[in-house]
Amino acid sequence: MPQSEVECLRDEVLKLNRIGIALTSVHQLDQLLDLIVREARALTAADAGSLYLREGERLRFAVSQNDTLRQRLGEAGERALFSSFTLPINERSIAGFVASTRRNLNLADVYRLPAGVPFGFNPDFDRRNDYRTVSLLAVPMLDAEERVLGVLQLINATQHGQVIPFHERFEDLVRSLASQAAVAVRNAELTQELKRVHLDTIYRLSVAAEYRDHDTAMHVRRMSHYSAALARRLGYDARRVEQVLYASPMHDVGKIGIPDAILLKPGRLTPEEREVMQQHPEIGSRILSGSDSEILKLSEVVALTHHEKWDGTGYPRRLRGEDIPEVGRIVAVADVFDALSSKRVYKGAMGMDEALSILQKDAGTHFDPRCVSAFLDIRSEVADIAQRYRDPDVKTA
Ligand SMILES: [Fe+2]
C-alpha cells in the first residue's frame with residue numbers, strides 16, 4: 001500500500017475514533033442524531049444528509065441537513081423545510097431497501113438507477129426545494145445485536161465544488177460510524193427511558209406521602225415544572241434545571257410522618273398541632289439525607305427549606321434572605337403559587353392573576369423578590385404548565 005494511502009487510512013481511523021468519543025458524550029437523543037449526520041457528512045464531504053429511525057415496521061424521517069439549502073434560505077429556512085414522515089420497511093424505497101436487506105447502497109446518480117433494482121428514488125424533496133440529488137450513500141445503523149435501528153443517508157459527495165460519487169472506501173467507514181452511532185442511540189434511548197421511569201417513581205412516591213393530604217397527584221407535577229422553569233429563568237444550566245425538576249416533587253415527603261388526625265383535620269390547627277405539622281420539613285430531610293445522589297442531596301435541601309421565609313419568619317430554622325438555599329426559595333414560590341391557583345377540596349381556585357398578585361405582595365416578606373420577579377417573567381410558561389397538568393375535575397365539598 002502506498003504511503004499516502006496508509007496515511008489517509010490512519011487519518012480516517014483517528015477521525016472515526018474521535019467521532020466515537022463525541023457520540024458517547026451526548027445523551028440527548030435529538031442532539032445525538034444531529035451530531036451523527038453532521039459527523040458523517042464531514043467525513044465524506046457530503047452536501048446533505050438525513051437519518052431515519054426505526055419505529056416498529058416503519059422508518060421515521062428524523063433528521064435532515066442540507067448545506068446548499070441552508071446557504072440559500074438560512075438556518076431557520078432550512079429547518080422550516082423539515083417535515084417528518086414515515087416509510088414502510090420494504091424494498092421499494094432506498095432507505096426501506098437498506099433497512100430490510102441491511103446492505104449499503106452507493107449510487108452514483110439517483111436519477112439513473114441501475115437496471116433491475118427494486119427501489120425507486122422519490123424526487124418530491126428535490127422538486128419542492130429546487131434541489132438536485134445526485135450521488136447517495138445509504139447504510140444501515142446496526143446495534144451490537146445486529147438489529148436495524150435506522151438508516152443513515154448521505155447525499156452529494158463534493159470535491160472542488162463539484163458533485164462526485166461517494167468513494168468506495170467510504171462505505172465501510174460510514175457503516176462503522178453508523179454502528180457506533182446505533183450503540184449511542186440505543187444508550188440514549190435507554191437513558192431517556194430510565195429518566196422517565198425515575199421521575200414517574202418520584203412522582204408516585206411523593207403522591208403516596210401526600211395522598212392523605214388534600215393535594216392532588218397533579219400538584220407535585222405542576223410545582224416541580226414551575227420550579228424547573230423558574231430555575232431556568234434564574235440562569236441555571238440544563239443539568240441543574242433537570243435536577244430541580246427531579247428534586248422538587250419530594251418537598252413534602254416528610255408529611256408521611258404526620259399523624260392523620262393532624263394532617264387531615266378539616267378545621268384550624270391548634271398551636272400544638274401546628275407545631276407537629278411544622279415538623280414535616282425536618283422529617284423529610286431526614287428521610288432524604290445521607291445519599292450520594294446529587295438529586296437526593298438537592299431534595300433534602302428542598303424538603304428542609306421550602307417553608308423558610310425571606311424575612312426570617314418561616315420554619316423550621318427561621319433562616320433569612322440569602323441564608324435560605326436558593327432552591328428552597330424557588331420551591332417556596334412554586335409551591336405557594338400552585339396552592340393558591342389550584343382547586344382543593346376545601347376551596348375553589350383563585351385566578352392566575354390573583355395568585356401572582358399575592359406573590360408580588362409577599363415579595364420581600366415571604367418570598368425572595370428576585371424569584372417572584374422571575375416567576376412573573378415566565379407567566380405564559382406557567383400558564384402552559386398549569387394547563388398541561390390540570391386536575392381532573394375535583395369535586396368541591
Ligand atoms: Fe411543605
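A word on domains before I start: the bounds I use come from an automatic or database domain assignment. On that basis the protein is divided into domain 1, residues 3-188, and domain 2, residues 211-388. What you see is a predicted model, so please keep that in mind throughout.

Overall layout, then. The C-alpha centres of the two domains lie 47 Å apart. Along the principal axes, the C-alpha atoms fill a box of roughly 90 × 45 × 35 Å. In secondary structure we have 16 helices and 7 strands. Of the 397 residues, 45% count as buried. If you take the contacts with a separation of 6 or more, 62% of them are between residues 24 or more positions apart.

Now the metal site. Which residues coordinate the iron ion? There are Asp252 through OD, and His280, His306 and His307, each through NE2, at 2.0 to 2.3 Å. Along the chain the donors follow the spacing D-x27-H-x25-H-H. His280 sits in helix H11, residues 280-288, while His306 is in the loop between helix H12 (294-305) and helix H13 (326-341), so this pair ties together parts that are 26 residues apart in sequence. Both His280 and His306 are buried.

What about the geometry of the site? The angles among the 4 donor atoms run from 83 to 171 degrees, and the site is irregular. For reference, four tetrahedral donors would ideally give 109.5 degrees. Water is not among the atoms, so a site may look incomplete.

Last item, helix H14, residues 352-361. Which of its residues are buried? Ala355, Leu356 and Leu359 are. They cover an arc of only 100 degrees around the axis, which puts them on the same side of H14.

Conventions. Residues are numbered from 1 along each chain as its sequence is written. This is a predicted model: local features need pLDDT of at least 70, side-chain atom pairs count only at pLDDT 80 or more; totals for chains, interfaces and linings use all residues. Side-chain values use heavy atoms; hydrogens and water are left out. Donors are N, O and S atoms within 2.8 Å of the metal (3.2 Å for Na, K and Ca); water is not among the atoms, so sites may look incomplete. Four donors count as tetrahedral if all angles lie between 85 and 135 degrees; four count as square planar and six as octahedral if opposite donors are over 155 degrees apart and all others between 65 and 115; anything else is irregular. Helices (H or I, at least four residues) and strands (E, at least two) are DSSP runs, numbered from the N terminus. Buried means under 20% relative accessible area, exposed over 50%, partly exposed in between (1.4 Å probe, protein chains only). The arc is that of the directions from the helix axis to the C-beta atoms. Contact means heavy atoms within 4.5 Å.
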